[in-house]
Amino acid sequence: MPSIIACFKWVVDEAYIRRGPSGDLDFSSVDYKISEYDRNAIEEAVRSKEALGGKAIAITVGVPQATKSLKDALSRGCDQAYFVADASFNNLESSQTAFILAEVISTRIEQYDLIICGEGSSDLYAQQVGPRLAEKLCIPCISFVQKFSIDKNQIVAERRVEEGVEVIAAPLPALVTVLPDINVPRIPGVKDTLMAGKKPTVTITKDELPPVGETLLLTVGLAASRMERSCEMFGTDAQEIARFVGSLRKRGVVG
Amino acid sequence: MAGVWIISENRERALELLNIGRQLAAKMGTHVSALLYQDREEVQGCISHGADEVMLLPPLSSDQSPDTYIPVIIEEAKKRDPDLILLPATARGKDMAARIAARLDVGLCSSCIALSFDDGSKSLVMERLAYGGVAVQKVICTARPAMASIPPRTFEKAVPDEGRQGQIRELPAPAPSAAKILERKVKERAAKDISEARAVVCVGRGIDKKEDLALARQLADVLGGEIGCTRPIAEEFHWLPEEVCIGLSGIQVKPDIYLGIGVSGQVQHVTGIRNARVIAAVNKDENAPIFKVADFGIIGDLYDVVPKLVNELKK
C-alpha cells in the first residue's frame, strides 16, 4: 500500500494585499492560507490513499506561525504532517525550499512511493519546487498532470502540454505536480477538524538540518503592478450603449 | 566561452527567444547559441534569426520526452559556462528549466516578462509577476548561468538576416530516461485558439447557465473574435474547455479588445489580460474589481446589455 507525500505552502492571501500610496505593497492586514494549488495536491494524495490504502503525509516548510496550517492540512484527510519551521524561513527561494524538503523526505520519512506538489504556489508561483525536489531526490518528475493512476510499482500520468496530452509511465518512487482541475478539494467539516487535532505531527527545526544555502535568486524589488486604464463608466440606456460602442470605435478596436 | 543559450523545442518560441537573446548578447558582448532537438532543417533558420552557433541534439526514440536531454545539456553547460540560459515558459519548458537549474544549482526567474542588462554593475535584472499579478518582482540570479523561462509571445519573433553565418556542433545522445511516453494525444481543439484572437469575449460567473453562452457567441461574432472564460466556468461548471481559460495559470491573451461579461476581475484572471489593448467589461456589481482595470465599463445586467451591444455593433 502506497505512502504518498503532499507538499504544501502556507502563503499570504493575495486578496488582502493593499497598494500603498507610492506603489509599494502593504502587507499589514494580510491573512494566510494553504496555497490554492497545493489544496489540489493534498486532495489528490488523500483520494489516492482512500482508493489504494496506505497513508497520506503532508509536509510544509515555513515560519513557526505556519503551525496553523498543519491542522488545516490534516483536516483535509492527511494522516500525519511534518513541519519544518524556522523564523528565517519567511522568504525562502525555490532552491532552498527544495533542498529542505529533499533533506527531510530522505532522512525522516522511511519509505515513500509518490510525492505530489501543486503546479505552483499561489504567492510567487515560480513553479520550481516540485521539479527541483525530484532532481534533488533523483526520482522521475512528471509535471502538469491532469490525471494519474498507480499500478504496482509504476505511475501512469496524463501530462498536459501545449499540443495536447502525453500519457507517461514512470517507476515509483516518482514526483508529480498536479493541475488545479485534477480535482475539487473537499471542504473539511467539524468532525474532520476535531479529528485533525488527534493526528500525529512532527516538527523539525533548522538546527536539525544541514546548513541551508544562500538564495540563488535575489529579489531586488517588489512593487505594486500597474495597470493604468481610463476606467470610464457607462450606463445601460440606448444613448449610453451608443457612446460605449463609439468609444471602442474611436480606439480603433472594433469595425 | 560563455554566451547566451536558448533552448526551445518549437520554432515560434525559438524565434522569440532568439530576438531577446540577440539583444542581450549584444549588450553583454557575447554570442548566442541555440540548442535544437532533432530538427536539422531548422539549423539555418536559427542562424539567420540570430544564433551564432547551433548545438544539435540527436533524435530521441518515440517514447522519450525532451527532458531526456537534460543530462547532456548539463554536461555541456558545465563545460562551456554560459552567461544566461533562456527557455520558453511552456509546460515542458518550465519543467525543464527548473530541473536544469536544480542540477546546475543556480537561480531561475520563472515566467520572466522583462530582462535588462545593467552595463555598470554587469548584472541582469529580470522581472516577473507575483502574488497572482498584484506585484512585480525584480530578481537577480546570484550564480552562473542566470536562467529565465519566458512566456510565449512576450517578445516578437526575431527578424531574419539571410547573410548570417554560424557554427554547428553536434552533441552526444543521452541515455534513455526511466519515464516513458506511452501515448501522445494531440488536442482536437474544441475551440479556436484565443491566444492569437483580435477580439476576446470573456464569460465569467455572472452567466447563469450554459445555454446563455450563445449570447457571448453572438457578441464574439460581431466583434470578429473568440470566446474565453474565467477559471470557474471551465473548472467547476465545465461549460467551456480548459484551453480557453484565461489567467495566470491558464492562457494569457493580448487582443485589441477584451470584453468581459459577468467577469468579476479576480487578480489571477486580470493577469491574463493585462496586455490587451483595450479592456471593456459589463457587470451588474459596480464594485467589481474588473472596473478598476478596465478602459470602459458598463454597470448593468449582462442579459439586458449584451443584446443591446450586439445591435449597436451591427450598425
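Residues are numbered from 1 along each chain as its sequence is written, while chains are lettered from A and ligands numbered from 1 in the order in which they are written. Because the model is predicted, local features need pLDDT of at least 70 and side-chain atom pairs count only at pLDDT 80 or more, whereas totals for chains, interfaces and linings use all residues.

Chain A has six helices and 15 strands; helices (H or I, at least four residues) and strands (E, at least two) are DSSP runs, numbered from the N terminus. Its C-alpha trace spans about 70 × 40 × 40 Å along the principal axes. Of the 255 residues of chain A, 47% count as buried. A residue is termed buried if 20 or more other C-beta atoms, placed from the backbone, lie within 10 Å of its own. Two residues are in contact if their C-beta atoms, placed from the backbone, lie within 7 Å. Among contacts in chain A between residues at least 6 apart in sequence, 69% join residues at least 24 apart.

Chain B is divided into domain 1 (4–170) and domain 2 (194–314), with bounds that come from an automatic or database domain assignment. The centres of the two domains, taken over C-alpha atoms, are separated by 34 Å. Six residues from domain 1 of chain B and eight residues from domain 2 of chain B take part in the contact.

Within chain B, helix H1 (residues 11–28) has 18 residues and reaches 25 Å from its first C-alpha to its last, close to the 26 Å expected at 1.5 Å a residue; the expected span is 1.5 Å times one less than the number of residues. The buried residues of H1(B), including Leu15(B), Leu18(B) and Ile20(B), pack against several elements of chain B, among them strand E1 (4–7), helix H2 (43–48) and strand E5 (112–118). H1(B) is followed by Gly29(B), whose phi is positive, near 70 degrees.

Val282(B) is found in strand E14 (residues 278–283) of chain B. Val282(B) is buried, with 30 other C-beta atoms within 10 Å. Leaving aside neighbours within four places in sequence, the contacts of Val282(B) include Ile261(B), Ile298(B) and Leu302(B). The C-alpha atoms of Val282(B) and Gly206(B), 76 residues apart along the chain, are separated by 9.6 Å.

Between the chains, 67 residues of chain A are in contact with 72 residues of chain B. The residues on the chain A side divide into 40 nonpolar, 13 polar and 14 charged. In this classification, Ala, Val, Leu, Ile, Met, Phe, Trp, Tyr, Cys and Pro count as nonpolar, Asp, Glu, Lys and Arg as charged, and the others, Gly among them, as polar.

Strands also pair across the two chains, pairing being assigned if DSSP finds at least two bridges between two strands. Four strands form an open antiparallel sheet in the order E14(A)-E7(B)-E6(B)-E5(B). E14 of chain A and E5 of chain B stand at the edges, each with a single partner strand, so one side of each is left without a neighbour in the sheet. Seven bridges join E14(A) to strand E7 (residues 135–141) of chain B, and Ala223(A) has Val136(B) as its bridge partner in E7(B). By contrast, E15(A) and strand E15 (residues 296–299) of chain B run parallel and are joined by three bridges; the partner of Phe234(A) in E15(B) is Ile298(B).

Definitions and conventions: Buried ≥ 20, exposed ≤ 12 C-beta atoms within 10 Å, placed from the backbone.
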